[in-house]
Amino acid sequence: MQATLSPPVRSKRLPMSLARRFKMVGLCGLLTACTADADQVRPPDDQLFFPTGIVVAESQGVAFVANANSELRFDSGAISVLSLDTIDDVVARWITSGDIPTDCEQDPDHRETLICDEAQFFNQGAGVRIGNFATEIALQDLGSNMLRLVVPTRGDPSIAWADWDGGRLSCNPNGDPNALCDDAHRLSYVQNNADLSGIPDEPFGVYADSAGEFAVVTHLTSGAVTLIDSPKSGTVQVADVLTGVFAADPTNGLRGATGVVGLPRATGGIVYVGSRSEDRIQTFTVGKPVNAAPPYLLPGSWFFLDAVGGNTGSSNDTRGMAFSPDGGRLYLVNRRPPSVQIFDTTTGPTGSPQNRAIGATDICRQASTVAVSGTGDAERAYVTCFQDGLLYVIDPRGDVELEDIVLVGRGPYAVAAAATRNKVFVTNFLEDTIAVLDTSPTSSRRNRVVLRIGKARVL
Amino acid sequence: MNRVFDLSRGLAVALAAVTAISCGDTTSTPPSQLNLDRPVDVAFACYGGLRVTNGGPPTPTQDIITTAQPYGACDARSGPRVCVDPDGADDIPGNADDCPVTEAPVPTGQESLTAMDGAPIPAAAWYGFILQSAPGTVAIARFPTKPSVAFTGGDVAMLDSDPLTPGKNGISVGEDPVAIVADKVGCWQVIANAGSCDLSGLDVNSALDNDPSVRVIRIAVQNANGQVVDARPAAMVAEPAAGVIGATCSADHPTGIVYVAYPSCHLVAAVDTASGTIVGGVRYDLAGVASVLTAAEIPSVSCPAECDGGGAIAGGVRPIALDLEEDPSAVPVTRRLLIGADNSPALTLVELDELTSLPDSLRPIPLENTVTAPALLGVTSVAIAPQIGMGGASGVINDQLSTTKFNFAYAITTDDTIRVVDLDGGRECDAQVDPRLLNDNRNVSELSCPMIGTPGTQRRPGARGPGIELFADAIPTSIRIFRAPELLGEDPRLTGPTKLIGYFGIITAATGATFVLNVDDDDFADFETAGDPLEVQLPLVIAHQLRDALPARDLRATTDVEGETKRICDTNGPDPDAQGGNFGGPRATTSPTRNVPAGNVAAEKVQILPGIRQVLCEGVDSTKPVSELSLVAPDAIRDFEYPDLRALRDETWAMTWEGSLSTDRADSDVDGPAVRTSQIFVDGGGFRIVDQAAPFCAAGVEQYDIVQLRGCDPSVGDAECPLGYTCFVHPNSEVAGIGACMLENEAERLADACKDFLTSQRRYTVGRSASGELRLLPRKSVLRTTPLDGCTDNAQCEMLADYASELTSSAHPFNDTPADSRTWACRVDTERAPLNGPGQTGKRCLETCTTDPASKCTTGRVCQIAAGQTEGYCMEGVTPPQACVNAPQRYELRASEAFTVIGTRTGYVHSTIRDTTSTDKCTKDPAGHPFEVGRIGLNPPPCDPTADPRTGRRPDGTFGPNPCSTTVEQTEIQPAYANDQCVEASPATTTAMRQAPAITFHNRGMALTLVDPTYPGDARCIRDRMGTLAKVPVVFPGYQLSWRQTGGFAPLILPLTAAYPVKVVRGPTGSIWVIDEGDYISTSQTQPSTRGKVFRVEPQGLGQINILE
């Protein structure tokens, strides 16, 4: 067993954090095996350990991966930085000439796949350390090649954020590489004020709005929605928390907010939030008062998921949500019944989004997340199937066809697309790998895993 | 939703989170044996005993084998049983008394020759080959050869192709298979594989014999030059079944032609399944024009190598939907291929050679494009119907007798409708013609395929286009047309919607529902009956309409008196909530209810308020006034009021004076939230509500409408305010239950500055409505009894104020002494709709106040006096300083000086759109139908006597005003007085008829009449109507008429428990097969989860369903 170290000193500790800390100290005192020092339990910055969220910043040539540290092997989770150029290079040489670099091997079971040790793909020293059990990553464009990452972590619970300056992430003023995010970068309290309420449990989904300079986080077990005020310059803070957005499921009592995504707009998006307990999508906008008070959530209209399923058109347990690049389509992944549903979100004749179901297809059970890549005829949705280890590729044209089912690895969690590089990345939570798919329409390996970053953990 | 300041935290987070990581799931599903996995298609085969005659005469010495055989062999065996008649009597088939012994018919050459020492022929059975996309396998089901009406629940059973592996296993055939068809002679099944861009052949004999080995071959599609066509197929159909009954399956490959759609190649190829060679086809050029491949083109036809990454895919028409039908009943026999593309608003009809099945010719059939550019209409599924003799109501299919024959095809398009085309005429039919326009049409030909775009075929209000729309906006996924023949002998079925005789469609939808479509119902009338307006509900019986599920649409309220049918009046009709289900025509379940907020009118005077017209019902049980909406209203009135049953739904309607424009509650999403939340800005741009979601044109907000700010509810603390805000109630406020969210550290400080705002009713006028912004104007208090044409002077206003006060008194006018203590002035109010019509004064009675401290305004109004003046106006809302409204603002949108007409399912109907030409302003859609309306003012234009009262159309084709003013006969119970002291007479009431001022109103599904928009006042006694007030309204905000509407359209839906049905297939003996691809995760202990199902439905008994899963 390895200990999980407490974070650096907070301005005001959570009671439970203290209690846990004392328990850990006591436990360490009793167990002679608990002798690991800080360096030994510090997470490496060149390994994957229970990867969950992933986002791609194509313009920066990087992808950011959240390592959830779900086994608590290390003292924290991490956000690691992958070099897209290195990946492109390895894949290109593998496909065109069959080159197998050092620390790589051909997958004996899937000959089109190259398996590589992950260290060569990481920008070492560019990542940061965050809390355990990170879920997703949202990307906010700050302009001038600056990015901001917002990452819910369920362990604390908190919402971590870190800024990317083009070369590395930072979330701690000490400037150390791979530093642990400080309290200011781990949002736990409303308005960063420990005397106010903490954020609800189980932060889960996240969306960051670059134009609106805010982020929205959903909470899996409470149905709450949290607003993060994220100005390009200024204090990042929890600005508003709205509970009771979704009612409890009458059959099992569960409630929860899950997927969240924003309709891309130049002036700040309309945010769509899904639920695990209701067959309803709730929209929000964000109000910014003129007196410089913190922004707040403005609940908008809602619509029911009554276009698919169950002989009565009732589906729920929404998970992944994504918009097409032009914002004209909303893709929803629902677990009951398992389906991808497509909504027309173009502006209607009245000036508001139409939010009308236009298509659907059956998918795997226990689907998790969805990413959309390409435009026009090339637009495809990629859905991860955690239980089956599959990635479903959906062609939205016509009657919405399932184009491909791809075996990607154990426990695929999140998916992200690099459209101009014709690649899709899937984090495999249960085997500590990232599957890289070739999505080039002219490739003979289209929709196949051409590279597996990391060697699958033996169960 | 609540905002909370909960300080509690989750405990033991780390380990808990390990187990509750989001990718896990706590849903438990009951274990179940699942035989299917994502079924997407099914094809059929006949297999069993066969005498090998090779088409010759049968002899006892010929070999008897067990083999696959042509489709017709089992078809013949599935016919009606033949009577075995040992005594030679003339027996009646099916009658057990007359014919105790029957036997199955057999095809020619397969007769039993055991009497001649021939070997017996083993039985043959049907087999269904169910294609499963996810595993790439074919599952097999078996069912007997017997008449379709004889099927029972256990007749269709799954087989196991691998008994040594647990469960019932399928046969692996290919990667991502998309379609399966039987080959021409029934010996092979052919599968199109999208994952490997080829075809597979499955040897039926090897799949069904006792040998566990199964023969599956891969067929690479190639051109005559040997180049492989490595494109992804999207659909496949086969040429009609043929073959000789008595021949063996000797070929080691399939036989016949299949057509394969290759969308990325813009090609539909005719492939010889024996060799995989393309032998013909249809190709779309870059301009989207289809042509038959020429002999020169066929050998070199090629496609991008999608499965091997070679070649770029060029843009172009993408064929993805095919149907191929031969109609032997047509003269001459037709063999047609219909092609639909998902990015082309046209179908391609290909005439095939009757012998070779190769294309002879083609022609495009354009479809009306109903989507907005750059989107393009496309087709996702097509179905060809056989040639149908339209018309007929005798209960016998009249194809031979009818002189009006049509060959329809149906196409599911990307606007989520089903288009209808007349293949012979090469044109699209309009399935959305307003039935009001067809009421007198008796021309079966015109009714079968209405022309698009003619004055006589204008569409019903709200129609998206010419296509069939499913109920509740369900997304159609597949359609197939089938023939439901009459039963021989006495038909045991109940007369009603489930009795199908004629031609009908089955439409699957993404909702899981499976709808029935009327094409030609030969058991029911085809047009209105002139003398009996209720006998035929035209919107339900004309071709291409969803079939209705409610029986007895022509039900009247009657009773039997000594053998004669007599009308009765003391009934509301069938109970719509009865356990046995609803029936009967459209009606209000009770007379409309008047909902009267307290304090506005005395109970004795409620009847002076506007109401829904009442008519006289004369029955054997009573004679009395009844609502025109009731079941007991005269037939002609009911027929007039419910002209389009398809547009009528079961719901509760409410007509509310100055009611909300939006009705959404927690369980509905009809037309927007009743209470919205946005930001308010008070700056150089004015006093504005701004919403980034741009909801205001969608809500139908008009200039001069009302915005009622709702503040926050102090009874729930600060829960309706953001974090850091408090729900502040001004100590001087007399408006109950309304606070305002203000920053906790600012509320007290701003109390004085915000006093007028916080103590007012906070009602505002919409000065300008745009999609994302409403400009608000402070709203003056106006006397509710202000004449509709405006007031004339202050004295009149004071008099009418007294009258308004009198309305709240229960006393008779002759001894009432009302006194209104407020002051009123007759002036122009620029914040309300102008009164500048002919005969109007332009002025309203406005509540005024002065600087005198004794001057008081009505509660909730605040006195606002301009600087330097001594008199001002009582305001319902004032412009607040920005600091008072920095928090989110909750508000309602309400109509001004009008009733809103809102259905709980229909919502508020309007034709407001956003003006995109210059501004963001909300405006009326110039193309909107005049019946797309949801508000009734009290002073609408007079009805045009030249306009048709049913359709609203004038002779020149334009529409008269809607709503419009008129006069109607009103029947009511009036009080009777014995003297001028208003003493009740005996009896105290009388039933009387009078000519009443009225307003007629049409919307999509109904027409109704509102009577008494104004009241003349009483002279001495309550409701003596002897006053002399001219056009004085007595309504008040919140007054509401409501009624429950029942008997609306209820689609006939097959009783299938499907999750996501994707395809309908016509099976043997006219059976309907519905393929449910969907994965249903059950939450019930009694119903297992599935990975898809296949249903077999018997058209002659829709409740007879076989389920495979």
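Biologist: How many helices and strands does chain A have?

Modeller: This is a predicted model, in which local features need pLDDT of at least 70, side-chain atom pairs count only at pLDDT 80 or more, and totals for chains, interfaces and linings use all residues. Residues are numbered from 1 along each chain as its sequence is written, chains are lettered from A and ligands numbered from 1 in the order in which they are written, and side-chain values use heavy atoms, without hydrogens and water. Helices (H or I, at least four residues) and strands (E, at least two) are DSSP runs, numbered from the N terminus. For chain A the count is 3 helices and 31 strands.

Biologist: What is the radius of gyration of chain A?

Modeller: The radius is taken over C-alpha atoms, and the globule rule is 2.2 Å times the number of residues to the power 0.38. For 459 residues the rule gives 23 Å, and chain A comes close to this, so it is as compact as a globular protein of that length; its radius of gyration is 21 Å.

Biologist: What percentage of the residues in chain A are buried?

Modeller: Buried means under 20% relative accessible area, exposed over 50%, and partly exposed in between (1.4 Å probe, protein chains only). Of the 459 residues in chain A, the buried share is 65%.

Biologist: Is A:Gln60 buried or exposed?

Modeller: A:Gln60 sits in the loop between strand E1 (51–57) and strand E2 (62–67) of chain A. Its relative accessible area is 16%, so A:Gln60 is buried.

Biologist: With which side chain does the side chain of A:Gln60 make a polar contact?

Modeller: Contact means heavy atoms within 4.5 Å. Beyond its neighbours within four places in sequence, A:Gln60 is in contact with residues including A:Leu147, A:Trp164 and A:Gly166. A polar contact is a pair of N or O atoms within 3.5 Å; within protein, one must be able to donate a hydrogen and the other to accept it, and residues adjacent in sequence count only if both atoms are side-chain atoms. At 3.4 Å, the partner of A:Gln60 is the side chain of A:Asn145.

Biologist: Which residue has its backbone oxygen 2.8 Å from a polar atom of the side chain of B:Gln1100?

Modeller: B:Gln1100 lies in the loop between strand E62 (1093–1098) and strand E63 (1101–1108) of chain B, and is buried at 10% relative accessible area. Leaving aside neighbours within four places in sequence, its contacts include B:Ser148, B:Glu486 and B:Arg493. The backbone oxygen at 2.8 Å belongs to B:Pro485.
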